Amino acid sequence: MQIQILGTGSGMPSPELNASCVLVKTDIMTFLWDAGEGCSRSLLNVQIPKNELDAVLITHLHPDHISGIFMLIQMLYLQGREKALKLYLPEREAEFHQMLQFFYIFPRRFDFDLQILPLSKVSEDFPEISICKNDHLWGYQDLIESHKLPNQLGAFSLKLSSPKGDFVYSSDLHTTDSIADFVRGAHTLLVDAGHPELQQIQKLREYGLKRILLTHECRPETRKWLGENPDSRYQEAIQGHKYVI
Ligand SMILES: [Zn+2]
């Protein structure tokens, strides 16, 4: 498989870095994992044909992971896409339909079938993909409960399995402990190194990983530790670079 990280930025906009977005290709499938701001332009830059994407998976609803989805849908409509597109959301699919209407995006006018589906069902359509709920949004629990808000705290890590090795994308998380079993034995992990503390990034050495790509803008202490203790398994993810398993 080929992994191209189209956005290595964090929730804070940056002049150089795009928001979270990963293009994952196998011999027969092409997926977009997260659709942060600028993802449409990135797809144009890497010359993805209008009918190539099979599915878009959104790990959680923070803007740096989903803000590009409306322009992506609009682009595919204007390009005249014909092939059905599956869009997997971590929660609240019905409200997403309303948001499309809010933006004057009407799927009934499309030449393609936009299928909005719960991320919890992705393995039924793509058995090589599995998901793991992580602890990224747990800090909102008290606020959501006390105000009786409809948010469901859906934040997920994703895995694509292949005979040559598995690729895991942590997406954002509070601790790597929350996905330890999910990550163990994978070939490549693309991990949020902006939220977890240094010790949580160090623990990843114990999981038998061959490559640990740090994204979402490294914490300064993590970058310092890596500079002082080089370990060939750890690399800062390079935006635009293609990684192969
Ligand atoms: Zn994020």
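Here are a few notes on a predicted model.

1. Ground rules. Residue numbers start from 1 along each chain as its sequence is written. Since the model is predicted, local features need pLDDT of at least 70 and side-chain atom pairs count only at pLDDT 80 or more, while totals for chains, interfaces and linings use all residues.

2. Strands E5 (residues 85–89) and E6 (residues 114–118) run parallel, pairing over 5 bridges. The chain goes from E5 through H4 to E6 in a right-handed β-α-β crossover (clockwise from the first strand over the helix to the second, with the strands pointing away from the viewer). Helices (H or I, at least four residues) and strands (E, at least two) are DSSP runs numbered from the N terminus, and pairing takes at least two DSSP bridges. Leu89 sits opposite Pro118 in E6.

3. Helix H4 itself. H4 (residues 93–102) lies largely in the open, because 0 of its 10 residues are buried (buried: 20 or more other C-beta atoms within 10 Å of its own; exposed: 12 or fewer; partly exposed in between; C-beta atoms placed from the backbone). Just after H4, Tyr104 has a positive phi of about 60°.

4. Tyr234. This one is in strand E12 (residues 234–236) and counts as buried because it has 22 C-beta neighbours inside 10 Å. Leaving out residues up to four places away in sequence, Tyr234 touches Ile212, Leu214 and Leu226 (contact: C-beta atoms, placed from the backbone, within 7 Å).

5. Leu189. Beyond four places in sequence, the contacts of Leu189 include Val168, Leu204 and Ile212.

Methods: Two residues are in contact if their C-beta atoms, placed from the backbone, lie within 7 Å.
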